[in-house]
Amino acid sequence: MRKWMLLTFLFLTTMLLLAYLTKPDDKKFLSKAQSEINIRAESLSKDPVMQDVVKIQKDFIFQALTKLLETKSYLFFTVHTITLGDGEYKYMGLFGTFIPLQKEDPLQKFYQNEE
């Protein structure tokens, strides 16, 4: 019984230490958001007419995200909030990844082809 308690304590301590050391900041969130936007925009930028328009849109979206992003840092994780016209979207940064805290993810909606 005592061995289990010690192993559980060591495991939890290790996980909390890893969470503390790998919590992402706002720069990592913006980098992830920009890469998502770039991936989504590639399908439109294959059209030569749309290349310049997509480049301007990507730059505008990234600048808007830098202004609209609010990051709160806690001990073992971060919460990133984007306030858009249709509401707030929150993401939890944990272990170097971002987890959407709502059903819809606005980063997935940019340049989404409506069928």
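The chain exposes about 8600 Å², and carbon and sulfur atoms supply 62% of that area. Please keep in mind throughout that this is a predicted model. Of the 115 residues in the chain, 22% are buried.

Let me turn to the overall layout. The chain has four helices and four strands. Read from the N terminus, the order of elements is α-α-α-β-β-β-β-α. As for contacts between residues at least 6 apart in sequence, 50% of them join residues at least 24 apart.

As a reminder, strands of a sheet pair through backbone hydrogen bonds, either parallel or antiparallel.

I shall now go through the pairings in turn. Five bridges hold the antiparallel pair of β1 and β2, the latter covering residues 78-84. Within β2, Thr81 stands opposite Glu70. Thr81 also has a bridge partner in β3, namely Lys90. β2 and β3 pair over seven bridges, again in the antiparallel sense, and these two strands form a hairpin with two residues between them.

The following pair is β3 and β4, which run antiparallel and are joined by four bridges. Leu94 has Thr97 in β4 as its bridge partner. Here too there is a hairpin with two residues between the strands. In its turn, Phe95 has a positive phi of about 55°.

We come now to the interior. In soluble globular proteins, nonpolar side chains tend to be buried together. Which residues make up the largest nonpolar core in this model? There are 11: Phe29, Leu30, Ala33, Ile37, Ile61, Leu65, Leu69, Ile82, Tyr89, Tyr91 and Phe98. At least two residues of this core come from each of α2, α3 (51-68) and β3 (87-94). The element that gives the most is α2, with four residues.

Leaving aside neighbours within four places in sequence, Ile82 is in contact with Phe29, Leu65, Leu68, Leu69, Gly87, Glu88, Tyr89 and Tyr91.

Phe29 deserves a separate word. Is this residue, Phe29, buried or exposed? Phe29 has a relative accessibility of 2%, and because buried means under 20%, it counts as buried.

Finally, the aromatic rings. The chain has three aromatic pairs. Why is the pair of Phe29 and Phe98 described as edge-to-face? The ring centres of Phe29 and Phe98 are 5.2 Å apart and the planes meet at 80°; planes over 60 degrees apart count as edge-to-face, and therefore this pair does. The pair links distant parts of the chain, with Phe29 in helix α2 (residues 26-45) and Phe98 in strand β4 (residues 97-100), 69 residues apart. Together with Tyr91, Phe29 and Phe98 form one aromatic cluster.

Thank you for your attention.

Methods:
Residues numbered from 1 in each chain as written. Predicted model: local features only at pLDDT ≥ 70, side-chain atom pairs only at ≥ 80, totals over all residues. Heavy atoms only, no water. Buried < 20%, exposed > 50% of the residue type's maximum accessible area, 1.4 Å probe, protein only. Contact = heavy atoms within 4.5 Å. Areas by Shrake-Rupley, 256 points an atom, 1.4 Å probe, with all protein chains shown as cover. Phe/Tyr/Trp six-rings, centres within 6.5 Å; stacked < 30°, edge-to-face > 60°. Pairing = 2+ DSSP bridges. Core = buried A, V, L, I, M, F, W, Y, C linked by side-chain atoms within 4.5 Å.
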